[in-house]
Amino acid sequence: MTRDLKESFSADSPPAPAALAAKVRTLAPSMTRSMQRVAEAVAGDPAGCAALTVTGLAELTGTSEATVVRTARLLGYPGYRDLRLALAGLAAQQQSGRAPSVTADIAVDDPIADVVAKLAYDEQQTLADTAAGLDTVQLGAAVAAIATARRIDIYGVGASSLVGQDLAQKLARIGLIAHSHTDPHLAVTNAVQLRSGDVAVAITHSGSTVDVIEPLRVAFDRGATTLAVTGRPDGPVTQYADHVLTTSTARESELRPAAMSSRTSQLLVIDCLFIGVAQRIYETAAPALAASYEALAHRHTPRPL
């Protein structure tokens, strides 16, 4: 499903070398298995792959030259030559830096100090990956739509609903009319009331949560501007999104489900949206925020015993 005003907001230039690994992690789940082998090879050994011709990389990964070129283009490079240059740059960066002393793998018998260190490292990586892969043109368009919206409806379930509530609360404090819907029936019935000039935001890590997609589809059909915050840029939710903001897809483990990593990257995107909107409507946002602080000030003052 398409809309005339739905344009491609992807950057014109290829991603920087530092963003390559993040791009692979984000797009790998949507690739064919042969393309995954190419993507995993270039992310795992950038120096080695940078030295290979397109034929050499195809032979190394057991694929074809066409698959290598398609993978390069999916990762944002015009052709394999551009990908090789990025790989060489990434290899140089890795050689000049120090390898991390911890990994994100948490064992059931890890000391709590190790758990803290590993989670902190993984959270930092998730945030860095999300920032590196975030399309600032799409972000700017989303900010502009929210800043001028008559009304903003936000949809999310599970961990994503907490992120949606955070966005609604932030926008409300700077004077915007924003509501977070966690009940799928209420989400749809409210989406029916949206129209041009309104904004609907869907937050779903998987990109395939039916309870989030359905109200976004209704809002899309009603003419509202729609935004998807998702870890799957090719997921079903993007069919009904005018703007797509991609979050990092971190590794899952038995003790660290996707709900933890996805929430971290979603919150970064939400904060970027909020700050962008606050900057755009600063003359009205600043007084509104000050008034909300003043209204709550007495609750932060210790009462005499």
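The legends below describe close-up views of a predicted model.

Local features need pLDDT of at least 70, side-chain atom pairs count only at pLDDT 80 or more, and totals for chains, interfaces and linings use all residues. Residues are numbered from 1 along each chain as its sequence is written, and side-chain values use heavy atoms, with hydrogens and water left out.

**View 1. Packing of helix α4 on helix α5.** α4 (residues 54-61) and α5 (residues 65-74) have axes 8 Å apart, at an angle of about 100°. Helices are DSSP runs (H or I, at least four residues), as are strands (E, at least two), numbered from the N terminus. Axes are lines fitted to C-alpha atoms, for helices over the stretch in contact, and angles run from 0 to 180 degrees between N-to-C directions. The two helices, α4 and α5, are therefore roughly perpendicular to each other (65 to 115 degrees). V54, T55, L57 and A58 of α4 meet E65, V68 and V69 of α5, where contact means heavy atoms within 4.5 Å.

**View 2. The open sheet of 5 strands.** The strand order is β2-β1-β3-β4-β5, with parallel pairing; two strands pair if DSSP finds at least two bridges between them. β2 (178-181) and β5 (243-246) are the edge strands, each pairing on one side only. On average, neighbouring strands are turned by 15° against each other, direction ignored.

**View 3. The pairing of β4 with β5.** Strand β4 (residues 225-230) runs parallel to β5 and is joined to it by 4 bridges. A228 has V244 of β5 as its bridge partner.

**View 4. Helix α11 on the sheet.** α11 (residues 210-221) touches β1, β3 (199-204) and β4. The direction of α11 makes about 160° with that of β3.

Technical notes. Angles under 35 degrees count as roughly parallel, over 145 as roughly antiparallel, 65 to 115 as roughly perpendicular and the rest as oblique.
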